[in-house]
Amino acid sequence: MSENLITPENLVYQKTEAMTDRILHYCPGCGHGTAHRILAEVIEEMGIQEQTIGVAPVGCSVLAYYYFNVDMQEAAHGRAPAVATGIKRVFPDKYVFTYQGDGDLAAIGTAETIHAINRGENILIVFINNGIYGMTGGQMAPTTLQGMKSSTSPFGRDTKTMGSPLKITELIAQLPGAYFVTRQAVHKPANVRKAKKAIKKAMEYQKLNKGTCFVEIVSNCPSNWKMTPVQSNKWMEENMFPFYPLGDIKVPEDK
Amino acid sequence: MAKRGDVVIDIEKCKGCEVCVSACPQEVLALAPEVNKKGYHYAVKVNSDCTGCTNCAIVCPDAVITVYREK
């Protein structure tokens, strides 16, 4: 029964050609892979593979340039929005995106992020927020939740001495240069579909030259949260989503 | 009647994260007792109830699942 279904005309889903065939180095169950894939799918669906330039960050996704089958540029830690600014100004007709984690975007790159968005650069910033520094061994990030354990806050984040988790997405939504700001997740099929729609919208808005589009994706870090991928997705729903609620934060008013 | 579907899993790329297993509404997928070359228990099809809904494929972080659905 099953053999006769596997024919080219029955094909409904396969890996997008906007991603290379390399095996992702991410840990099993990491949201980075899904986020890469939906961004690549949007690029393929819009037929803009030749016109897209991506900027890779430092962090777990530092090797993003191996996986996206588009032109990519590596940036110094946190400086992806600044590098993307340069690329977009030299090639105003190209689609430019940065792909950054929370340590990159919300810690060392705060200045670049805020100023690029304040200038209203016509770029797409994809921000993966897993509340931890993944690559370096699970240290506390600005986005680490109150009471959340990490290798540098082994008794949980104490807001008296370590500050409160930074809602960078709400912060940048206040800036006049931000055109479309949304927060999504990629742990369930429905969320993946919504996140993909948000990224597609953001890519389409880039044509209008109205300002920066910012898509946050709340993600998991099974290895550093010390959980299985399925447990970490559940933990994320119970703990991350109440503090980082999903949904659009700033939508274009002139629509 | 629901349409019939089928999935093809690239077992060498699968990391056995099990996200697809919980995403499948028909309980078609499970982890194999065997491991692939990297030592992961990969996802396999355990019955023929697949409807080709693509839920497993769109949550797969490693894009190892290809889905077919009868027309």
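In chain A, the axes of helix α3 (residues 80-90) and helix α5 (residues 110-118) come within 7 Å and cross at roughly 40°, where axes are lines fitted to C-alpha atoms, for helices over the stretch in contact, and angles run from 0 to 180 degrees between N-to-C directions. Helices (H or I, at least four residues) and strands (E, at least two) are DSSP runs, numbered from the N terminus. A:P81, A:A82 and A:T85 of α3(A) meet A:E112, A:T113 and A:A116 of α5(A), contact meaning heavy atoms within 4.5 Å.

This is a predicted model, in which local features need pLDDT of at least 70 and side-chain atom pairs count only at pLDDT 80 or more, while totals for chains, interfaces and linings use all residues. Residues are numbered from 1 along each chain as its sequence is written, chains are lettered from A in the order in which they are written, and side-chain values use heavy atoms, with hydrogens and water left out.

Between the chains, 33 residues from chain B and 33 residues from chain A take part in the contact. The buried area (the accessible area, with a 1.4 Å probe, that two parts lose on being put together, summed over both) is about 2,700 Å², and carbon and sulfur atoms give 62% of that. The elements giving two or more residues to the side of chain B that touches chain A are β1 (5-9), α1 (19-23), α2 (55-59) and β4 (65-69) of chain B, and β4(B) gives the most, with five residues.

β4(B) also pairs with strand β1 (residues 11-13) of chain A, in the antiparallel sense over two bridges, pairing requiring that DSSP finds at least two bridges between two strands. Here B:V67 in β4(B) is the bridge partner of A:Y13.
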